[in-house]
Number of protein chains: 2
Amino acid sequence: MIEIVPLTGIGEVRPGDDLADILHVALDRCGIEPRVGDLLVVTQKIVSKAEGRFVSLADVEPGEEARRLADITRKDARLVQLVLDESSAILRAVPHVLIARHRLGHVMANAGIDRSNIGAGEGDRALLLPVDPDGTASHLHARLGLPVVISDSFGRPWRMGVVAVAIGAAGLPALQDRRGELDRDGRTLEVTQVALADIVATAACLATGEGAEGIPAALVRGCPLTGPERPAADLVRPVHEDLFA
Amino acid sequence: MIEIVPLTGIGEVRPGDDLADILHVALDRCGIEPRVGDLLVVTQKIVSKAEGRFVSLADVEPGEEARRLADITRKDARLVQLVLDESSAILRAVPHVLIARHRLGHVMANAGIDRSNIGAGEGDRALLLPVDPDGTASHLHARLGLPVVISDSFGRPWRMGVVAVAIGAAGLPALQDRRGELDRDGRTLEVTQVALADIVATAACLATGEGAEGIPAALVRGCPLTGPERPAADLVRPVHEDLFA
């Protein structure tokens, strides 16, 4: 059986906060004693907040390309400038939609930049992705003794609605390679690589909710974590292999 | 807390089997008494098997377009003919990759046609998607008294590895619409539609496994299923709205 336990009672996270401490206290408060097979899913938002990845839009001077894309997408040109600063490529710009390849490789709307639920009262601010989510996951893994996945919400081509993906992972095989395994009939498996960290990130949002609930982490218990450890960076399809580049 | 319980002990499902009966027996055997907030995730494979959606490749005569695409993709031309028969459009054909828009709307490799784990000893066979997965989910929902999601594994552009999606759903909001809700700071939510049935399908594969394990269903307990009932068809982004058409 798999169990997914929301880590409730985590208050507003602020720049400079020690996230490992905060998560440790939350596990205690929820009466969870971590055991083998447990892992922790932490939402991007509190990682970015602890890292102080806020940008005040008043400080952003949009350039020509940002203004051009802002006209097309009908978005704030300062936000578009941040997207350009965070990205290696713009994949799609149409009204209300700006999809970019973040310099970490993840393809996301607005390069993963958030404007909701980032704390009120400080003017117009945006929240960038963590600087190095795999590195932060490693750090949390070392501090907490649990595999860690850092999740973010994720829209998709062809399908409505968001799910979640992993942008950071440590202590587990973010991508499980099953090439060469046989199915029950002795035929080579067609499904040969499993996006385990994306699956775990998505499962966790059943407990954390998407959006307003303010539950920024969950413990997942009972997962099959077999296979060599791999970071979330391995979930990014190399550009030259991309099916829809 | 969310719990995901694999329904173990389901044997090989055969054409004409009563899937509601099989699932009912499996719930009993696993000691599960369904309660409000439970839902059942059933993998596409046993739905297709119960519906007898097998095709013997020996009976397929590939046409000219199938032979052309088979050359490009290095796939069996008879399989490619089945993909064409099942699809409304081919989106991508490169070596080893054939991505199609299934006539149900879902964009999938090989139009969702399986060749692994479909039972040995009957020559080369393929297994098509269920005829009407939302309809089958409705039927199972009525018979079992539980919301039902029919899942299938799903590769993605830009990301490595498979996750799962819902191709059928009944008794729950496959797509949860949160437009107009406010975040904790009073700002309109940026994430406004949640692909709940896809999230549930993906979470369930932590219990069922992807590929060889042969656990074809799982019970998910404790999900937030609020909102009007909507089928999995609503998860398909209309072609004219598609970001990467």
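**View 1. B:Arg101 in strand S5 of chain B.** In this predicted model, B:Arg101 sits within strand S5 of chain B, which spans residues 97-102 (strands are DSSP runs of E of at least two residues and helices runs of H or I of at least four, numbered from the N terminus). With a relative accessibility of 9%, B:Arg101 counts as buried, where buried means under 20% relative accessible area, exposed over 50% and partly exposed in between, for a 1.4 Å probe and protein chains only. Leaving aside residues up to four places away in sequence, B:Arg101 touches B:Ser87, B:Ser88, B:Ala89, B:Leu91, B:His106, B:Val107 and B:Val239, a contact being heavy atoms within 4.5 Å.

**View 2. Packing of helices H1 and H5 of chain B.** Helix H1 (residues 19-29) of chain B packs against helix H5 (residues 133-144) of chain B at an angle of about 50°, their axes lying 10 Å apart; axes are lines fitted to C-alpha atoms, for helices over the stretch in contact, and angles run from 0 to 180 degrees between N-to-C directions. That angle makes H1(B) oblique to H5(B), since angles under 35 degrees count as roughly parallel, over 145 as roughly antiparallel, 65 to 115 as roughly perpendicular and the rest as oblique. On the H1(B) side B:Leu19, B:Ala20, B:Asp21, B:Leu23 and B:His24 take part, and they meet B:Leu140, B:Arg143 and B:Leu144 in H5(B). By class, this contact has 5 nonpolar, 1 polar and 2 charged residues, where Ala, Val, Leu, Ile, Met, Phe, Trp, Tyr, Cys and Pro count as nonpolar, Asp, Glu, Lys and Arg as charged, and the others, Gly among them, as polar.

View 3. Over all chains the structure holds 0 disulfides, a disulfide being a pair of cysteine sulfur atoms within 2.5 Å. For B:Cys30, the closest cysteine sulfur belongs to B:Cys223 and is 18 Å away, too far for a bond; B:Cys30 is partly exposed, at a relative accessible area of 24%. The sulfur of B:Cys205 has its closest cysteine sulfur in A:Cys223, at 9.8 Å, which is also too far for a bond, and B:Cys205 counts as buried at 8% relative accessibility.

**Notes to all views.** Residues are numbered from 1 along each chain as its sequence is written, and chains are lettered from A and ligands numbered from 1 in the order in which they are written. Local features need pLDDT of at least 70 and side-chain atom pairs count only at pLDDT 80 or more, while totals for chains, interfaces and linings use all residues; side-chain values use heavy atoms, with hydrogens and water left out.
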